[in-house]
Amino acid sequence: MPAPAENMKIDGARLWDSLMEMAKIGPGIAGGNNRQTLTDEDSEGRHLFADWCKAAGCTMGVDTMGNMFARREGTDPDALPVYVGSHLDTQPTGGKYDGVLGVLGGLEIIRTLNDLGLKTKHPIVVTNWTNEEGTRYAPAMLASGVFAGKHTQDWAYARVDADGKTFGDELKRIGWVGDEKVGDRKMHAFFELHIEQGPILEAEGKDVGVVTHGQGLRWIECTVNGKESHTGSTPMHMRKNAGRGLALITELVHEIAMKNQPNAVGAIGHIDVYPNSRNIILGKVVFTVDMRTHILDKLEAMVAELMERAPKLCEDIGVSFEAEIVGQFNPPAFDAKCVTAIRQAAERLGLSHMDIVSGAGHDACWINDVAPTAMVMCPCVDGLSHNEAEEISPEWAAAGANVLFHAVVETAEIVT
């Protein structure tokens with residue numbers, strides 16, 4: 001298939017302006033964004049994206065999970081579309097680029113093809129996946145998970161947020177329940193552009209990352225039960241302090257991750273403590289352990305070690321330990337042909353690049369199970385993400401979007 005010419009590039013200034021315009025919706029309190037899934041702000045962002053897609057000549061489809069699909073027609077009505085996209089929802093204290101760059105980078109492909117007057121054999125579809133972040137409604141990548149058959153729609157609709165509102169009711173409330181059956185769409189390939197959310201590319205001085213694998217993940221919800229008692233009048237040797245159990249397991253998780261280097265991580269994330277009073281020894285702690293690596297055997301061994309050693313650590317200090325896996329996906333290896341298209345695009349454009357493993361979960365990890373898939377990443381300052389201080393440069397955004405453009409358009413096949 002013919003590759004795009006080296007001088008074919010997206011409009012970096014237009015992409016950046018679009019990113020800044022989207023960032024006006026759901027502004028955070030410290031320069032980032034709070035556009036959580038299925039909020040009014042999410043709906044407003046969706047409408048802006050839909051308006052831009054319409055202006056670019058696309059038709060919009062929406063499925064019953066609220067996933068948005070903006071289609072630019074190809075010349076062959078029988079050719080499966082090449083999909084590209086990410087997500088518009090953010091963390092409560094999220095940045096302006098996480099996910100959004102991938103959606104608007106996909107839109108920029110359509111705009112650039114229009115500018116150049118080019119047609120492709122395969123249609124190109126720009127996608128906004130619903131609830132990638134998983135903050136308001138767990139788990140992450142919920143709607144792409146339903147699309148890929150990992151969850152049922154009924155189960156997804158029944159997810160409840162902290163205020164007791166269900167996913168299904170809130171999707172209906174904001175007016176984004178589509179009429180398409182989830183997962184009926186067939187893909188020729190799927191590409192996702194994303195900020196790295198880590199420090200490697202910046203530290204190595206690389207323009208782009210060619211993502212060869214995603215990390216597998218296990219979220220383990222742990223409960224340590226002790227005994228509530230007065231902090232001042234309970235003798236030290238008689239305490240059953242659930243907080244000590246948390247501390248010991250925090251160190252255990254770190255130890256397990258460190259001895260499984262390289263490319264393995266582990267940490268305590270969400271923590272709830274009870275009764276959370278300054279003069280009462282903790283009687284109960286509920287917390288989530290997050291373990292990740294791109295090697296399945298290593299991931300399973302890390303979890304097994306935690307499950308074996310944590311109960312004994314707690315027993316030794318007079319508290320109890322319980323745990324269950326509440327979120328998981330196995331490490332994806334992305335499609336070799338799609339990965340090659342990204343690598344060759346970077347080389348054709350003269351951009352420095354390196355192979356990289358994605359440290360975070362992405363919608364591409366689920367879609368990889370149903371279609372040939374790959375990802376391209378751009379650096380972010382200090383590797384900071386899921387933070388309002390998240391930052392990238394216009395040059396990084398343009399470089400990543402240009403690689404995306406070349407890989408997608410080559411796969412969609414320019415018609416000459």
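Residues 24 or more positions apart account for 80% of the contacts (heavy atoms within 4.5 Å) with a separation of 6 or more in the protein chain. The model is predicted, with local features needing pLDDT of at least 70 and side-chain atom pairs counting only at pLDDT 80 or more, while totals for chains, interfaces and linings use all residues. Residues are numbered from 1 along each chain as its sequence is written, and side-chain values use heavy atoms, leaving out hydrogens and water.

**Overall form**
- The protein chain contains 12 helices and 16 strands, which are DSSP runs (helices H or I, at least four residues; strands E, at least two) numbered from the N terminus.
- Its C-alpha trace spans about 80 × 45 × 35 Å along the principal axes.

**Burial and surface**
- Of the 416 residues in the protein chain, 56% are buried, meaning under 20% relative accessible area with a 1.4 Å probe, protein chains only.
- The protein chain has an accessible surface (Shrake-Rupley method, 1.4 Å probe) of about 17,200 Å², and carbon and sulfur atoms hold 50% of that surface.

**Residue T120**
- T120 is part of strand β4, residues 119–120.
- T120 counts as buried because its relative accessibility is 1%.
- The T120 side chain reaches the backbone oxygen of H122 at 2.7 Å, a polar contact (a pair of N or O atoms within 3.5 Å, within protein one able to donate a hydrogen and the other to accept it, and residues adjacent in sequence counting only if both atoms are side-chain atoms).
- Leaving aside residues up to four places away in sequence, T120 touches residues including R72, L113, V409 and I414.

Notes:
Buried means under 20% relative accessible area, exposed over 50%, partly exposed in between (1.4 Å probe, protein chains only).
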